[in-house]
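Subject: Handover of a predicted model

Dear colleague,

I am handing over the structure below, and I would be grateful if you could read the notes that follow it alongside the model.

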Amino acid sequence: MRRLIQIFLFLFLVHGPWSIVHSPLLFANNAVSDYSKAQKCYRALDKTSNKGLKKCIPVFEKVVKKYPGTDQARKALFTIGKMSEAKDLDKAFQTYNQFLKTYPKDSLADDALYRIGKLRWEKENDREKTLHALNALLERYPDGDMKETAQMDLEKIKNGSRVPGPESR
């Protein structure tokens with residue numbers, strides 16, 4: 001028993017009380033709590049005017065920075081991309097590309113690549129970059145849920161038709 005107490009005391013002294021604060025369970029609970037706050041901010045946005053984006057994006061960025069590798073960070077990063085589409089295309093592209101780099105096998109990866117293609121077409125009218133993004137989606141994610149939509153959009157673009165904007169999907 002004395003040896004057990006010595007080991008416990010040694011671990012406590014080496015790792016300090018912070019080992020309790022940074023326990024995986026508490027870390028996960030904080031990630032969920034902070035992500036819930038970010039979602040609450042997002043739901044409160046005026047979707048018609050995008051008021052409040054400057055306030056909400058940093059809340060999601062905090063989740064990404066503070067809880068890397070968690071499900072909440074993954075969803076927060078994708079949401080930052082979506083929110084950025086309205087006011088800051090460069091940030092949207094940067095965020096979606098960061099998502100693709102960080103979570104290349106995630107179920108939302110093909111969605112991120114699709115949104116890049118749609119934004120290239122709808123906001124920049126850049127046919128080549130759109131075709132590149134949609135073809136990359138089909139190549140990298142042949143079984144993804146965005147496959148059929150990307151194929152339909154590619155056909156429309158190749159035929160010279162306009163494609164519905166990203167907000168309609």
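Helix 7 is mostly covered, with 13 of its 14 residues buried, where buried means under 20% relative accessible area, exposed means over 50% and partly exposed lies in between, computed with a 1.4 Å probe on protein chains only. Before going further, please note that this is a predicted model, in which local features need pLDDT of at least 70 and side-chain atom pairs count only at pLDDT 80 or more, while totals for chains, interfaces and linings use all residues. Residues are numbered from 1 along each chain as its sequence is written, and side-chain values use heavy atoms, with hydrogens and water left out.

Helix 7 covers residues 109–122 and reaches 20 Å from its first C-alpha to its last, close to the 20 Å expected at 1.5 Å a residue, the expected span being 1.5 Å times one less than the number of residues. Helix 7 packs with helix 9 (residues 147–158) at an angle of about 20°, and their axes are 11 Å apart; axes here are lines fitted to C-alpha atoms, for helices over the stretch in contact, and angles run from 0 to 180 degrees between N-to-C directions. That makes helix 7 roughly parallel to helix 9, given that angles under 35 degrees count as roughly parallel, over 145 as roughly antiparallel, 65 to 115 as roughly perpendicular and the rest as oblique. On the side of helix 7 the contact is made by Tyr114, Lys118 and Trp121, and on the side of helix 9 by Thr149, Ala150, Asp153 and Ile157, with contact meaning heavy atoms within 4.5 Å. By type, the residues of this contact divide into four nonpolar, one polar and two charged, where Ala, Val, Leu, Ile, Met, Phe, Trp, Tyr, Cys and Pro count as nonpolar, Asp, Glu, Lys and Arg as charged, and the others, Gly among them, as polar.

**The chain as a whole**

The protein chain has nine helices and zero strands, these being DSSP runs numbered from the N terminus (helices H or I, at least four residues; strands E, at least two). Of its 169 residues, 38% count as buried. Among contacts between residues at least 6 apart in sequence, 52% join residues at least 24 apart.

**Helices 4 and 5**

Helix 4 (residues 53–66) and helix 5 (residues 71–84) pack at an angle of about 155°, with 8 Å between their axes, and the two are therefore roughly antiparallel to each other. Helix 4 contributes residues including Leu53, Cys56 and Phe60, which meet a set in helix 5 that includes Gln72, Ala76 and Met83. The residues of the contact between helix 4 and helix 5 comprise 11 nonpolar, three polar and one charged.

Helix 5 is itself mostly covered, since 11 of its 14 residues are buried, among them Arg74, Phe78 and Gly81. Gln72 belongs to helix 5 and is buried, with a relative accessible area of 14%. Not counting residues up to four places away in sequence, Gln72 touches Ala31, Val32, Tyr35 and Val63.

**Thr95**

Thr95 is found in helix 6 (residues 89–102) and counts as buried at 5% relative accessibility. Leaving aside neighbours within four places in sequence, Thr95 is in contact with Leu77, Ile80 and Gly81. The C-alpha atoms of Thr95 and Leu77 are separated by 6.8 Å, although the two residues are 18 residues apart along the chain.

With best wishes
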